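Trainee: Please take a close look at one part for me, a pocket and what lines it. Then go through the confidence and a few individual residues.

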Amino acid sequence: MLEQAQRVLKDVFGYDSFRGRQGAIIERVARGGDALVLMPTGGGKSLCFQVPALLRDGLTIVVSPLIALMDDQVATLDELGVPAAALNSTLDNDQQRELAVRLRQGEIKLLYLAPERLVQPRMLSFLQQLNVALFAIDEAHCVSQWGHDFRPEYLQLGQLAQLFPDVPRIALTATADKRTREEIVNRLELHDAERFLSSFDRPNIFYRIVPKEQPRKQLLGFLADHKGDAGIVYCLSRKKVDEVSAQLVEQGFPALPYHAGLPSETRAANQKRFLNEEGLIMVATIAFGMGIDKPNVRFVAHLDLPKSLEAYYQETGRGGRDGLPADAWMAYGLQDVLMLKQMMQNSEGDERHKRVEQHKLDAMLALCEETRCRRQALLAYFDEDLPQPCGHCDNCVDGVQTWDATEPARQALSAIFRTGQRYGVGYLVDVLLGRDNEKVRNAGHERLAVFGVGKGRSESEWRSLYRQLVARGLADMDLEGFGGLRLTDACRPLLRGEVTLELRKELKPQAATRTSGGSPASQLVRGEEREQWDALRALRRRLAEEHGVPPYVIFPDSTLLEMLRSQPSTLADMGRVSGVGARKLERYGAAFLDVLAGGASAAAPEPVMDIRHELVSLARAGMTPAQIAGQLKCTEKNVYALLAEAITAQQLSLEQALDLPEALLSEVQDAFLDGEGELPAVSEIAPHFQGRVPEGVLYCVRAALQSEFEL
């Protein structure tokens, strides 16, 4: 079985060998056993069910929570020549009926479904009539009521065990602590499943956490190393997302906003652009991310604190899925802690749930103020031991200096107590620095013994100290009292002189803005390789546009980089490059070889396999759109889109592109010209011609009229 699996891996997916425990998982599932797979993002989870799907006789059902994720995987499989489909709300009734016919005829190997659709009685009864070979439940942590991605429909997936007792099931997730793993097993009834727990470590990610001073300015400093890279910037509020994305655009960074307050069409359009275009930055709330499978995200930046280490791990894990270097950067301050605590306080849920959330936030704060290796601390939270410091985080690279903060900490805690445990950090620092202002005088605090005792330290040192006292649980924020600080029981031994306290010494700002120590994508290729690298990416971009898929579906950056370094000169050599399977070798091998041989550059006017040039020639020769689609091995929908572009570019006339009866053509033109002002959108006209002409015809007619208006 493993030999067969390796053949499929090489022939279909283009990889020479399995990574980590992939081989064992695939063998278990292909033989009909259940499995629970915990594997970090970028570890190759999809192959764990896609390979068994091709080895087993029948249909594999993949449960996936988001349409974007389904469409992405279907497009990837389609490029590999694997018959796959997604059944979701984007399909109209006719398309759904057509898909049902193909499923009954056994033409589909993998069907992607949302959990909401799968658990409908009609769907379950339809599937019982088919030869189902395997159920793959992706993002299985969504079953956990304690998790931040909880989806109630996942709770109903346990019934698959009774309805399909002989069909193996594989549940997969990248983030699940012990409690969540047990929840997955119990709720999905995977009691006999073999557990495959891979390391949580993402060694290619460089972690850096800095205290907030001027966060927008700090972000721009970080992004200076990432010009031209794709990345994600996370913010806590919608307002901040809008402000930061606008500011980045002003500073010359191509940024798009994404949050739940935007119209759904805008969100969908921005997400599509992020997936399809190179070098875009998505500024987003945590509403964005699940289902984003873009492998060449070179950085993830947090301008606000995530609420838990699970969220931090999952969000930073969206960087570097292709295995190449990526940066995880975060700026955090006490204001973040206050905001998260208030959100927690106001959230629904019992006291037990809120206590769990508080512990999670405490663990997140502890990572921020960690003096050891960040990676060791992060992995320890997930019950994993990393014996040696990683050497690939800010604490390892920069080194952490600590200082004996025992006496200043007592002074800071005493200031909280003496002023009545009701003031925020700014006021407490004023008291310690002896600032004789109106607010201090009105409260009479200039007469306190602690007034002015801290003059030997700077304001930023005192702010850092208070932040670390909160992170260590020695002081807390009073949510009822607008974020004023108060003492906790944990500070008593320190105040009584029974213990000492070592804290982080903050780096001076110029030292803290050192480059990450990671290798951004802009540094992945050496100077002399740049021209060829750009030419390879330009060809990939053109092919992606022609096939209507994101560029990484053609080849990920890691495959292009291997081409660049190994310089294959024959198709046989190209077939040995990791990620080049038989189908892609046949489709694209010659074109990429030509670029490597210097035969085409990014600026070439008529690149190899430029489908538009061929399409224009075929249309001028009198071929119909259906015939052109057959000749170019692409969909009619793509042909019409390209015809409309050619008409706009005045490479084709409408008569050359379409052969429509004159009366029908006049009727379509009149429909567009009926109103005044701008031409209406195709969506407004389409209902009048449904069933009479393909929608693509309308795009071509509109393109021709638009060209006439502009002449």
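The model is predicted, so local features need pLDDT of at least 70, side-chain atom pairs count only at pLDDT 80 or more, and totals for chains, interfaces and linings use all residues. Residues are numbered from 1 along each chain as its sequence is written, and side-chain values use heavy atoms, with hydrogens and water left out.

Now the pocket itself. The search runs on a 1 Å grid over the protein atoms alone; a pocket is an open set of points with protein on both sides within 12 Å along at least five of seven lines, whereas a cavity is a set where a 1.4 Å probe fits but cannot get out. Lining residues have an atom within 4 Å of a point. The second largest pocket has a volume of about 1,200 Å³, where volume is the space filled by probe spheres set on the points, joined across faces, edges and corners. Its lining takes in 46 residues, and Tyr 15, Arg 19, Gly 44, Asp 293 and Arg 321 lie nearest the centre. Helices H1 (2–13), H3 (47–55), H4 (67–79), H25 (551–554) and H26 (557–566) are the elements that give two or more residues to this lining. H4 supplies the largest share, four residues. Element names follow DSSP runs numbered from the N terminus: helices are H or I, at least four residues, and strands are E, at least two.

Helix H26 also holds Thr 559. Thr 559 is buried because its relative accessible area is 1%; buried means under 20%, exposed over 50%, partly exposed in between (1.4 Å probe, protein chains only). Leaving out residues up to four places away in sequence, Thr 559 touches Val 577, Ser 578, Gly 579 and Val 580, a contact being heavy atoms within 4.5 Å.

How far can you trust the model? pLDDT is the predictor's confidence in each residue, from 0 to 100. The chain mean is 87, and 94% of residues reach 70 or more.

Check the backbone next. Most residues other than glycine have a negative phi. Glu 189 has a positive one, near 55°. Glu 189 sits in the loop between helix H9 (178–187) and strand E7 (194–197), and is partly exposed at 31%. Asp 383 also has a positive phi, near 60°. Its loop runs between helix H16 (374–381) and helix H17 (394–398), and Asp 383 is partly exposed at 48%.

Last, the cysteines. A disulfide is a pair of cysteine sulfur atoms within 2.5 Å, and the count is zero. For Cys 368, the closest cysteine sulfur is in Cys 393, 13 Å away, so the gap is too far for a bond. Cys 368 is buried at 3%.
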